[in-house]
Amino acid sequence: MLLSGKGKHRRPSKATRIATLAGVTTAAVAVPLMGATGASAATTSEWDAVAQCESGGDWSINTGNGYYGGLQFSASTWAAYGGSAYASTANQASKSQQIAVAEKVLAGQGKGAWPSCGVGLSGASTGGAPAPSNSGDSGQSTSQSQQSTKSSEERASRSQERSTAKKTVETPTGKKVKKGDGEYKVVKGDTLSEIAEKKNVKGGWAKLYKLNDDIVDDADFIFPGQQLHLS
């Protein structure tokens, strides 16, 4: 998701997920679809840093919160910037394909598309591409200004939404539970006793449960994606 936050697992910075630009107007999308230019391109290492911040560097991640891939694209943003040519959602595309789409987002929206994680991107301003000026049409200028304001508000709203989503994981029944920010990520089939034994936690499962009682409500129920503290 283009913004991030922290969750039960230790999300990278659980930072911010890719700002879902789902509400971007047709006019706003038209420019990005033309593709990124050399002036707005970021380096692969910079995109790696954004991915580390957004998703822990997992380019195929899909936690079920509506954001996909290493750079946490929403499905609508992925499609709007040409991602559908590669795959239906970003997590199904390769790293290079995700970066190709991200370059278009960077060219059209600027670093603000990744409010917390995109600060290190080079070649683009925080606010994105400037709207074309036309001194002979004040009405068009006003409309462009309104669209820019609307996009900023939508990014801020989605940023908060993504931040909240990153702090939870979804159980098999669809319930949201706290994700946590520990160093061990729960996988399918794990139990507290098995984790305690495997990681040599002094005090066994009881100690492990106590260390994570802020995210684990019942010692018999932990869920894939949760991140547990081991000490």
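This is a predicted model: local features need pLDDT of at least 70, side-chain atom pairs count only at pLDDT 80 or more; totals for chains, interfaces and linings use all residues.
Rolling a probe the size of a water molecule over the atoms shows where empty space is left.

## Two crossing helices

Two packed helices are described by the angle between their axes and the distance between the axes. For helix H2 (residues 44-55) and helix H4 (residues 95-109), the axes come within 11 Å and cross at roughly 95°. Angles of 65 to 115 degrees count as roughly perpendicular, and H2 and H4 are therefore roughly perpendicular to each other.

On the H2 side, the contact is made by Thr44, Trp47 and Asp48. On the H4 side, Lys95, Ile99, Ala102, Glu103 and Leu106 take part. The residues of this contact divide into 4 nonpolar, 3 charged and 1 polar.

## Salt bridges

How many salt bridges does the model have? The count comes to 3.

Aspartate 48 forms a salt bridge with lysine 95, and their closest N and O atoms are 2.8 Å apart. This pair links distant parts of the chain, since aspartate 48 lies in helix H2 and lysine 95 in helix H4, 47 residues apart. Asp48 and Lys95 are also among the residues that make the contact of H2 with H4.

Note on methods:
Residues are numbered from 1 along each chain as its sequence is written. Side-chain values use heavy atoms; hydrogens and water are left out. Axes are lines fitted to C-alpha atoms, for helices over the stretch in contact, and angles run from 0 to 180 degrees between N-to-C directions. Helices (H or I, at least four residues) and strands (E, at least two) are DSSP runs, numbered from the N terminus. Angles under 35 degrees count as roughly parallel, over 145 as roughly antiparallel, 65 to 115 as roughly perpendicular and the rest as oblique. Contact means heavy atoms within 4.5 Å. Ala, Val, Leu, Ile, Met, Phe, Trp, Tyr, Cys and Pro count as nonpolar, Asp, Glu, Lys and Arg as charged, and the others, Gly among them, as polar. A salt bridge is a side-chain nitrogen of Lys or Arg within 4 Å of a carboxyl oxygen of Asp or Glu.
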